[in-house]
Amino acid sequence: MSLHHFFLDGQVLADETAPEFPLSLSPDDAKHARVLRLSAGEHISVVDAARDYFELEVVSADDGIVARIAQRLDSPKAGASVTLFQGLAKGDKMDDIIRHATEVGVDAFVPLASSRCVLKLDAKKAKSRVARWQAIAHSAAMQSGRMAEPQVLEPQTVKQAVQMLASFDCVLVCWEECPATKTIASALAGAFGEGLLPEGARIAVVVGPEGGLSADEVDRLTQGRNACPVTLGPSILRTETAGIVAPALVLYACGGMGADKKGF
């Protein structure tokens, strides 16, 4: 059975001198802990402010959680870092994409305001939406036992995104009108070499909104080194499906998502 998982953004457990100590949870996480009805003797996992990973035993949970260290855990080996540039989608679609892509393993999200986006956000609405999306990413990271919660950035224009993409090792733009048949695996092999993946490789995945990306936008987004349009197969996926499937395929090809080994 997996352990309930928490982040301690303002507490370093190595600095605790007493064998039993209170946990400094955020108000939202403290509320979540109360809902879980944790009791003495139960075990939880935490990632502290130093990004160290621990299993703790709950000593009491009557007025906040008091715990002791059961063991220090080994952090999972870091693989490729995937950032999803997701075209702004209407309704609750962005919520679902961020929630499930966090569970899959995406490390950061960049909402993309492209020409065919139905959803338009002014500065006030964007700030509110980003706060909501960050809270969703935080909750999903806790639920899935991630070592860190993904960062959700402010919405970016295509021009701004092009500038950001220049810092990535590989950029994969999902495009339903892609004339080539380059798959994610073949694009990664072309960028890094067959079966080779540099430690800490940064990969960007770009997914358009409901109306897709225009040909001009694809040209601009793929102008950098190791950047290319890719296909997700013969079926045309909805943006809320592609935003989850595409990064999952990247992570699988890089050795995550249950793959036997790194390689593509």
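These notebook entries record what I looked up in this structure, which is a predicted model.

**Entry 1: the nonpolar cores**

I began with the largest nonpolar core, which has 41 residues. L172, L188, I203 and V250 have the most contacts inside it. I then asked which elements build this core: among those supplying at least two residues each are strand 6 (81–87), helix 2 (93–104), strand 10 (170–174) and helix 7 (239–253). Helix 7 gives the most, with six residues. I looked up V250 in particular; leaving aside neighbours within four places in sequence, V250 is in contact with V82, L172, I184, L188, I203 and V205. I also noted a second, separate core of 21 residues, which includes A33, I65, A141 and M147.

**Entry 2: helix 2 against helix 7**

I next examined how helix 2 and helix 7 are placed. Their axes come within 9 Å and cross at roughly 15 degrees. Because this angle is under 35 degrees, helix 2 counts as roughly parallel to helix 7. The crossing is right-handed. On helix 2, I listed K93, D96, I97, H100, A101 and V104, which meet T239, E240, G243, I244, P247, A248 and L251 of helix 7. By class, I recorded seven nonpolar, three polar and three charged residues in this contact.

**Entry 3: S75**

S75 counts as partly exposed, because its relative accessibility is 40%. Its C-alpha atom is separated by 6.2 Å from that of Y53, 22 residues apart along the chain. Beyond neighbours within four places in sequence, S75 is in contact with R51, Y53 and M147; M147 is also included in the second core.

Methods
Residues are numbered from 1 along each chain as its sequence is written. This is a predicted model: local features need pLDDT of at least 70, side-chain atom pairs count only at pLDDT 80 or more; totals for chains, interfaces and linings use all residues. Side-chain values use heavy atoms; hydrogens and water are left out. A nonpolar core is a set of buried Ala, Val, Leu, Ile, Met, Phe, Trp, Tyr and Cys residues joined through side-chain atoms within 4.5 Å. Buried means under 20% relative accessible area, exposed over 50%, partly exposed in between (1.4 Å probe, protein chains only). Helices (H or I, at least four residues) and strands (E, at least two) are DSSP runs, numbered from the N terminus. Contact means heavy atoms within 4.5 Å. Axes are lines fitted to C-alpha atoms, for helices over the stretch in contact, and angles run from 0 to 180 degrees between N-to-C directions. Angles under 35 degrees count as roughly parallel, over 145 as roughly antiparallel, 65 to 115 as roughly perpendicular and the rest as oblique. A crossing is left-handed if the near helix is turned anticlockwise from the far one by less than a right angle, and right-handed if clockwise. Ala, Val, Leu, Ile, Met, Phe, Trp, Tyr, Cys and Pro count as nonpolar, Asp, Glu, Lys and Arg as charged, and the others, Gly among them, as polar.
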